[in-house]
Amino acid sequence: MKRKPSTLLCHDINDSSLYHGAVVPPIFQNSLFTFNDWDAIDNAFNNREHNFIYSRGRNPTVQLVEEKLAQLACGERAQLFPSGMAAITAACLHFLKPTAHIIAIKNMYGPANNLLVNYLSKKMQIETTFVSGCDIHDFEEAIQSNTALIYLESPSSAIFSLQDIKAVTCLAKEHGIKTIIDNTWATPLYQKPLSLGVDLEVHSCSKYLGGHSDIVGGVIIGKDSDISSIFHNEYELLGAKTAPIEAWLLLRSLRTLTLRLQKHQKSGLQIAQFLESHNNVVKVNYPGLSTFDQHELAKRQMFGFSGLMSFKLNTDDINTVKHFVNQLKIFKIGVSWGGHESLIYVPAISYLKEMTDSQFKNMGISLGDIRISVGLEDPEDLIVDLKEALDCISK
Ligand SMILES: *Cc1c(COP(=O)(O)O)cnc(C)c1O
């Protein structure tokens, strides 16, 4: 019987004769595995991909998480990575050759943008055309004879704009182009891009999948043939080994993923609606809001919404923005998101050190754009915290 996500994620071991009936599997914190005789290790090497020989390759704790994530995403197979960026880089390298061309969305995650613009372009003469991605014609017009990859992130970073995933994968298939999507915002629970024709789905596990702000990890999910090649090449050769303890913590986190996301979603919507109603906020970017430009598309291709959003204050005066941020008591100032704790971050803090003013503007954001990750605290407390700080702006 195919199990529903919360049932799948709650159980780790189906055979209670294993590990003395321990309800939580042990951490296989070992670098190597030994064999009884020559033939046993010889046979293991005939199929390195599916045998435990050395933990830079396969490890049982890591494999348990991979199997769970693959099932959750309706994919054939998953490969864990030590970070989301390691997964993104591996997925891109898998599909690319020197002098290829990429189409990517302009609001993609900053370091992934750096990979394309500052690394792949210089090392492999790979050019990227950036599009807004809101209209399928953006992609159509950007296709060149050497386009090898369309890179999506839906919802995107900073402004949470969407791409019509099904439309993009149909277009890509017509032209023999591969597709990758960064699905971190929605998680494999609330969006199933592989079912919409995407070749590889990547995640940072450091966000909702981890959920407790105590691990950094990543994953690629897709077809067995793609993941097999990634395992032998980008995973093993680049030595991107996932630590068993991190995999074990991720397994712990996945047991409560459905519950946590329900709460993030519920509080997220309440807070988005509050922000929208406040006089000192001019715009709220949250795909779950009925007033969000692409809300209809969001409902069509997602099964739920998370708690990450951004909003624009009615000022671009840096001192006022600073004052607002410093007034907050429950929201902590910090990068990353998707954990139990509510966080606030102003992209301008790091973006303006990494890019020119015009590049910054081109991303569709301004100084007064503020990102919040709504955590698992009581939403009423969070609203009071935001209200007090927002009311200060008018004074
Ligand atoms: C954080 C993040 C990443 C990178 O993940 P790490 O685990 O920090 O390497 C990739 N994509 C998105 C959308 C992110 O927010």
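Colleague: How many disulfides does a search of the whole structure find?
Modeller: A disulfide is a covalent bond between the sulfur atoms of two cysteines. Here the term is applied to a pair of cysteine sulfur atoms within 2.5 Å. With that cut-off, the number of disulfides found in the whole structure is 0.

Colleague: From which number are the residues of each chain numbered?
Modeller: This is a predicted model, in which local features need pLDDT of at least 70 and side-chain atom pairs count only at pLDDT 80 or more, while totals for chains, interfaces and linings use all residues. Side-chain values use heavy atoms, with hydrogens and water left out, and residues are numbered along each chain, as its sequence is written, from 1.

Colleague: Which residue holds the cysteine sulfur nearest to that of Cys134?
Modeller: Cys134 is partly exposed, at 46% relative accessibility. Cys134 is in no disulfide, being 18 Å from the nearest cysteine sulfur, which belongs to Cys170.

Colleague: In what order do the 7 strands of the open sheet stand?
Modeller: Strands (E, at least two residues) and helices (H or I, at least four) are DSSP runs numbered from the N terminus. Two strands pair if DSSP finds at least two bridges between them. The pairing in this open sheet is mixed, and the order is S1-S7-S6-S5-S4-S2-S3.

Colleague: Which strands stand at the edges of the sheet?
Modeller: An edge strand here has a single partner strand, so one side of it is left without a neighbour in the sheet. The twist averages 20 degrees from one strand to the next, with axes fitted as lines to C-alpha atoms (for helices, over the stretch in contact) and angles from 0 to 180 degrees between N-to-C directions. The edge strands are S1 and S3 (127–131).

Colleague: Which residue of S7 is the bridge partner of Val202?
Modeller: Strands S6 (200–204) and S7 (218–222) run antiparallel and are joined by 5 bridges. In S7, Val202 has as its bridge partner Ile220.

Colleague: Which residue in S3 is the bridge partner of Ala104?
Modeller: Strand S2 (101–105) has 5 of its 5 residues buried. S2 runs parallel to S3, with 5 bridges joining them. The partner of Ala104 in S3 is Phe130.

Colleague: What is the omega of the peptide bond that joins Ser154 and Pro155?
Modeller: Most residues other than glycine have a negative phi, and most peptide bonds are trans. Pro155 is in the loop between S4 and helix H7 (165–174). The bond between Ser154 and Pro155 is cis, and its omega is about -5 degrees.

Colleague: What is the phi of Thr187?
Modeller: Thr187 belongs to helix H8 (187–190) and is buried, at 1% relative accessibility. Thr187 is not a glycine, yet its phi is positive, at about 65 degrees.

Colleague: What is the volume of the largest cavity?
Modeller: On a 1 Å grid over the protein atoms alone, a cavity is a set of points where a 1.4 Å probe fits but cannot get out; a pocket is an open set with protein on both sides within 12 Å along at least five of seven lines, and lining residues have an atom within 4 Å of a point. Points are joined across faces, edges and corners, and a volume is the space filled by probe spheres set on them. The count of cavities of 30 Å³ or more is 1. The largest cavity has a volume of about 50 Å³.

Colleague: How many charged residues are in the lining of the largest pocket?
Modeller: The largest pocket holds about 630 Å³ of space, and among its 32 lining residues Tyr109, Pro111, Lys207, Trp337 and Arg371 lie nearest its centre. Ala, Val, Leu, Ile, Met, Phe, Trp, Tyr, Cys and Pro count as nonpolar, Asp, Glu, Lys and Arg as charged, and the others, Gly among them, as polar. The lining has 15 nonpolar and 12 polar residues, and the number of charged residues is 5.

Methods: Buried < 20%, exposed > 50% of the residue type's maximum accessible area, 1.4 Å probe, protein only.
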